[in-house]
Amino acid sequence: MARPHIVIVGAGFGGLSAANALAGADADVTVIDRRNYHLFQPLLYQVATAGLSPAQIASPIRAILRRAANVHVLLGKVNGVDRGRRTIALDDRTISYDYLVLATGARHSYFGHDEWETVAPGLKKIDDATAIRRRILTAFENAEAADSHEARRRFLTFVVIGGGPTGVEMAGAIAELARVALRHDFRNIDPREASVVLVEAGPRVLGAFPPVLSAAAHRSLEKLGVEVRLGTPVTRCDAEGVTIGEDPLAAATIVWAAGVAASSAATWLGAEKDRVGRVMVGPDFSLPGHPEIFCIGDTAHALDADGKPLPGLAPVAKQQGAYVARVLRARLGGKPPPKPFRYRDFGTMATIGRRAAVADFGWLRLDGTLAWLLWGAVHVSFLIGFRNRLVVMLDWLWSYATFQSGARLITGPGSH
């Protein structure tokens with residue numbers, strides 16, 4: 001008889017964790033993703049700000065899973081799920097499953113203003129990062145060639161919308177790009193005069209962090225020259241700039257970091273979802289009434305031991321993926337299910353710039369150089385799990401510490 005077929009949709013942190021944990025299981029596993037690489041998303045903003053190149057934060061899925069003989073990788077886009085027939089539909093084929101794990105991640109949310117996406121791109125994939133990098137570097141080139149002060153001022157104004165970790169990291173990195181990496185590269189402009197504006201509708205940046213760390217991040221941003229505007233939402237985005245409340249601001253480059261929405265998984269399943277589209281799942285991450293279907297990571301609305309929704313973080317997705325793999329292994333072996341899932345919170349970090357970061361471990365809160373060093377060590381340890389340890393660590397540290405890399409390239413559509 002054929003072995004059970006487990007299909008995992010999505011090779012992000014959750015899907016890849018599940019696939020690795022199912023290596024060697026008595027089942028055939030198929031991993032489906034629209035792209036052939038696994039992306040270390042927490043460092044994506046560094047690609048967008050020319051600190052790192054895409055190859056430094058991504059690795060081919062097939063290379064990562066090559067030692068797992070029972071795991072097959074399929075490049076394709078999933079368009080729907082038939083729960084009754086236990087099949088999933090791709091563009092060019094239909095695949096049957098015995099167990100299905102949906103780890104399809106999240107996309108940008110513009111809170112009802114999807115028309116803003118063309119002028120205020122978000123940051124979720126490598127294509128987003130290289131497009132934003134192109135916009136940022138082109139803005140400096142256009143400022144160099146501008147023949148009026150008003151035009152030059154607009155090209156040198158950068159607006160980041162959203163004061164969460166991604167927004168804070170983007171704003172700090174753009175400021176450092178202008179003030180450190182590019183400061184000697186132009187003749188008609190001084191890149192250090194660039195204006196970086198971070199807009200947050202809430203009362204403080206890094207709202208999920210303790211107030212003391214939020215305040216430390218705010219101070220670090222201002223020290224870098226970032227203008228932080230709090231308590232007022234953006235009401236307009238177009239090619240000319242933004243309007244913050246009722247205050248217009250001319251800007252050539254706008255980056256969206258304000259909100260996310262889940263993928264279309266809930267629609268595929270016809271399942272109950274929360275306000276951002278995440279599938280409501282049971283304690284073992286299965287779909288109520290369908291124990292053969294699991295949702296993890298940003299696809300799932302799952303609760304912790306205190307009844308609070310688990311955050312959309314990489315460690316959460318990885319632990320969920322490993323847990324679902326244990327559930328599946330238990331079922332395949334006819335054994336009792338594992339103990340209820342319990343998220344192990346190792347802390348939350350965000351970096352603002354070189355030697356400026358915040359870290360919240362619950363029992364310990366850090367900011368400044370020590371937090372920055374710790375942030376770097378943790379991220380390097382995650383990043384190099386699938387690459388040559390020494391080479392990648394040295395290359396990453398050199399690029400990030402000096403900006404001396406080939407990442408400051410204007411490439412892609414619209415470049416010449």
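**Ground rules.** I number residues from 1 along each chain as its sequence is written, and I leave out hydrogens and water, using heavy atoms for side-chain values. Because the model is predicted, local features need pLDDT of at least 70 and side-chain atom pairs count only at pLDDT 80 or more, while totals for chains, interfaces and linings use all residues.

**Aromatic rings.** I looked up the ring pairs and found 10 aromatic pairs. Rings of Phe, Tyr and Trp (its six-membered ring) pair if their centres lie within 6.5 Å; planes under 30 degrees apart count as stacked, over 60 as edge-to-face and the rest as tilted. I took Phe-285 and Tyr-323 as one case: the centres are 5.9 Å apart and the planes stand at 80 degrees, so this pair is edge-to-face. It links distant parts of the chain, 38 residues apart. Phe-285 sits in the loop between β19 (279-280) and β20 (286-287), and Tyr-323 in helix α9 (residues 314-332). Helices (H or I, at least four residues) and strands (E, at least two) are DSSP runs, numbered from the N terminus. Phe-285 and Tyr-323 are both buried, that is, under 20% relative accessible area with a 1.4 Å probe, protein chains only. I also noted a cluster in which ring pairs link Tyr-110, Phe-111, Trp-116 and Trp-256.

**Strand β17.** Strand β11 (residues 157-161) runs parallel to β17, joined by 4 bridges; two strands pair if DSSP finds at least two bridges between them. Trp-256 is the bridge partner of Ile-161.

**Helix α9 again.** Which residues of α1 meet α9? I list Phe-13, Gly-14, Ser-17, Ala-18 and Ala-21. Their partners in α9 include Ala-314, Gly-321 and Arg-329. The axes of α1 (residues 13-21) and α9 come within 7 Å and cross at roughly 35 degrees. Axes are lines fitted to C-alpha atoms, for helices over the stretch in contact (heavy atoms within 4.5 Å), and angles run from 0 to 180 degrees between N-to-C directions.

**Three-strand sheet.** I traced an open sheet of 3 strands in the order β23-β24-β25, paired antiparallel. Its edge strands are β23 (348-353) and β25 (365-367), each pairing on one side only. I found 5 bridges between β23 and β24 (residues 356-360). Ala-350 has Val-358 as its bridge partner in β24. Helix α7 (residues 211-223) lies across β23, β24 and β25, at about 170 degrees to β24.

Terms used. Buried < 20%, exposed > 50% of the residue type's maximum accessible area, 1.4 Å probe, protein only.
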